[in-house]
Amino acid sequence: MSRKILLPVACIGSILLMHLNSSAQGNTKRHLPIIDVHVHAMKMNPAFAADMCPWFLSDMPGGDPNQPPPAFINTDCASPLKAAKSDKEFEDSLMATMRRLNMTIVASGDAAVIRSWQKAAEPGRVIPSLTLSSSSEMTVMAFTDSLSSGFYKVMGETAPQYQGMSPSDTSLDAYFAVAEKLNIPVGIHMGTGGNGSINITNPKYRASMGNPLLLEDLLARHPKLKVWVMHAGYPMADEMIALMGANAYVYVDVAGMIWSYPLAEVNDYIKRLVQAGFGKRILYGTDLMVWPKLLETSIGVIENANYLSFDQKRDILFNNAVRFFRLDASKYQ
Ligand SMILES: [Zn+2]
C-alpha cells in the first residue's frame, strides 16, 4: 500500500480515536492516550541522517560480495520521511506530535537529550531508560548506581544480539539481577536487524541470537524480572508464541519491524500473535530515531489494522504498557 493511500485512512483512524476529555479548562478534544515504549534519544548528525522510505525492506536487493554493499536504508521513493536536520527541529516536532496524539514515551540513549525532552514535555511523559548491551560498557557498580538514582525507570534497549551474544549469556547476568532486585522492567532486542546487517553495519550481529527461546535460561534465573522482547522476535513467531506461552510475564513490542518490513508481512505477524491469544502482551513501539513523522506512519499501522477490534487497538497502543510498566492510567488521559 502506498503512503498516498494510507494517509487519508490514517486520518479517519485518528478521528475515531479522539474523544471528549473533561479538563479543568473545560471540555477539550484529546486523542486517546498512546504509549510508545521504544524511542531512541540521540544527537542529530546531519552526515548520517538520511531520509527513509517506510516498508523499504519490501524489496531486499540482491548483491555480490565483490561489489560495494547495498544501502542499508532505501531513500528512493516518491515521498520519503525526512530526517531532522538539528536537535531542536527533532525535539520541537516530537513534542508537537506527543501533545497532539496525547503520547508518553520510553526513551533511551543520550541522557542530555532525554533531560531536554523531559523539560519540554508535560511531567511524566518522557520515561528514561538505561541502555546496556555488554559488560564492557559499564561496571555492575556503575550500572547499579545509575539505576538506583531514580532517573532511569527502565533498562533497555539491551541488545546482546548485536554482539553475537545470547541474552542468557552469563556475562550479563549480574546486570539483570540488579534490574530484578530494583523492580526495573527490561527491554531486550531480539529478532530483526535489517537487510544484510552482518555485511553492511554490524559484523558481530547473529540472526540466531534473536531466537526468543534463548531468553528462557535468563527468565528461569530471574523469575521476578519483567522482560519485553523488542521487535517481537521477528520473524520467529512460533518461538515467540512458545516463549510467551511458557512464561506468563513476557511482553513484546512491534518497534522497527512495523515500518521497515513489507506492510502485509507486518500485519500478518501482529495478527498471528493476536490470533495466538497474546493481544494483551503486545506493546506499541516505534524505534524512533531521526525521522519525526515516523510516529504517525507507524501508529497508523495499528489504527488501520482491520483485523484488530477497537479494544485490541487500545490494548496495544496504551493499556498493555500501563500494565507492564505498572503505571497509573489516570495520569495519562
Ligand atoms: Zn532494536
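Modeller: Happy to! Keep in mind that this is a predicted model. Let's begin with helix 11, where Leu-294, Leu-295, Thr-297, Ser-298, Ile-299, Gly-300, Val-301, Ile-302 and Glu-303 are buried.

Colleague: Okay, new topic. At what angle do helix 8 and helix 10 pack?

Modeller: About 30°, with the axes of helix 8 (residues 237-246) and helix 10 (residues 263-278) 11 Å apart. Angles under 35 degrees count as roughly parallel, so that is the word for helix 8 and helix 10. Their crossing is right-handed.

Colleague: Which residues make the contact there?

Modeller: Helix 8 brings Ala-237, Met-240, Ile-241 and Met-244, while helix 10 supplies Tyr-269, Arg-272, Leu-273, Ala-276 and Phe-278. Sorted by class, that contact has 8 nonpolar residues, 1 charged residue and no polar ones.

Colleague: Nice. How do helix 2 and helix 3 cross?

Modeller: At roughly 45°, with the axes of helix 2 (residues 87-100) and helix 3 (residues 111-120) coming within 11 Å. That angle makes helix 2 oblique to helix 3. The crossing is right-handed.

Colleague: What classes of residue are in the contact of helix 2 with helix 3?

Modeller: On helix 2 the contact is made by Asp-87, Glu-91, Leu-94 and Met-95, and on helix 3 by Val-113, Ser-116, Trp-117 and Ala-120. They divide into 5 nonpolar, 1 polar and 2 charged.

Conventions
Residues are numbered from 1 along each chain as its sequence is written. This is a predicted model: local features need pLDDT of at least 70, side-chain atom pairs count only at pLDDT 80 or more; totals for chains, interfaces and linings use all residues. A residue is buried if 20 or more other C-beta atoms lie within 10 Å of its own, exposed if 12 or fewer, and partly exposed in between; C-beta atoms are placed from the backbone. Helices (H or I, at least four residues) and strands (E, at least two) are DSSP runs, numbered from the N terminus. Axes are lines fitted to C-alpha atoms, for helices over the stretch in contact, and angles run from 0 to 180 degrees between N-to-C directions. Angles under 35 degrees count as roughly parallel, over 145 as roughly antiparallel, 65 to 115 as roughly perpendicular and the rest as oblique. A crossing is left-handed if the near helix is turned anticlockwise from the far one by less than a right angle, and right-handed if clockwise. Two residues are in contact if their C-beta atoms, placed from the backbone, lie within 7 Å. Ala, Val, Leu, Ile, Met, Phe, Trp, Tyr, Cys and Pro count as nonpolar, Asp, Glu, Lys and Arg as charged, and the others, Gly among them, as polar.
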